[in-house]
Amino acid sequence: MGMIIYLDGKYVPEEEAVVSVFDHGLLYGDGVFEGIRAYNNRVFKLSDHLERLYESARTLILEIPISIEEMQEVVLETLRRNSLRDAYIRLVVTRGKGDLGLDPRKCPRATVFCIASSIQLYPDELYEQGLEMVTVATRRNLSEACNPRVKSLNYMNNIYAKIEANLAGVSEAIMLNQEGYVAEATGDNLFLVKKGKLITPPVYVGLLEGVTRNTVMEVARDKGIVVEEKVFTRHDIYNADECFLTGSAAELIPCVRVDGRTIGTGKPGEVFWGLLNDFRELTKVDGPVIFE
Ligand code: PXG
């Protein structure tokens, strides 16, 4: 049985879930999206994801044709129609159909779709052993050019970086900002552990304020771990005790090698395992219920 997709007010079989070749989401990457997970019959941090979606759209003066409450119901109903209790959800709002000019005023109505499926970003063994990254030459978008805080459909910056990682034969890329400070990976936020403290770059460095990032900081503080949002360079990564990435798609994944340097012991660390455990516990109980 194929998937059921929500598209512009209707739940349709995937074959019928098609958008126009004149949609500016396709022609210009003009739109916003969210990647969300459902665990144990609940949609994890759904309100945080929806808030970010509507904030991203507001910055782009992209009017979402349905309310945030209706959008919550779209996500839940898409999961129900696909009988999913654990899933990866892709929620997309594009500028909609326009003409062959980039002026968004030519697009009268945004296109909204929601896919409920699954995702695996990295092979299982890397979640146990840790992955390897390199710093790439592609810098993270300048905030005043294409703000990384807006989760837009324009991912060319991150895709350039991912290509560099692929060519280097490693799983992920570390992206620096224009000044050379560490920003994030291509679709994940980055954390270090040093002398028992948890450290991550502040959003003003130029990065996506990840929902998983914020959750991990909250979980850490609840465990009594000191959390610092501070600017750092690659030197701090090489000399960290632990390093890991966070994202809705990636979840929490350890990193044990960066630019040819071994991080800490070369194995995922104690702080990482502790945070992963508490994160997993939270996924069982947080968010609106799918099937009552
Ligand atoms: N930074 C960037 C640039 C992202 O795209 C994150 C951080 C983590 O944010 P959340 O809110 O998910 O904790 C993301 C989100 C993929 C993929 O296929 C990755 C994301 C979203 C959708 C798809 O790699 N990462």
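This chat goes through the pockets and cavities of a predicted model.

User: What volume does the largest pocket have?

Analyst: The largest pocket has a volume of about 530 Å³, where a pocket is an open set of points on a 1 Å grid over the protein atoms alone, with protein on both sides within 12 Å along at least five of seven lines, and a volume is the space filled by probe spheres set on the points. In this predicted model, local features need pLDDT of at least 70, side-chain atom pairs count only at pLDDT 80 or more, and totals for chains, interfaces and linings use all residues. Residues are numbered from 1 along each chain as its sequence is written, and side-chain values use heavy atoms, with hydrogens and water left out.

User: Which residues lie nearest its centre?

Analyst: Of the 31 residues lining the largest pocket, Lys151, Tyr155, Thr186, Gly187 and Asp188 lie nearest its centre, and lining residues are those with an atom within 4 Å of a point.

User: Why does the largest pocket lie between the domains?

Analyst: Domain 1 (4-117) and domain 2 (124-283) both give residues to its lining, so the largest pocket lies between them, with the bounds coming from an automatic or database domain assignment.

User: OK, how many cavities are there?

Analyst: The whole structure holds three cavities of 30 Å³ or more, a cavity being a set of points where a 1.4 Å probe fits but cannot get out.

User: And what lines the second largest cavity?

Analyst: Its lining is formed by Arg37, Tyr39, Phe44, His49, Val211, Thr212, Gly247, Ser248 and Phe279, around about 60 Å³ of space.
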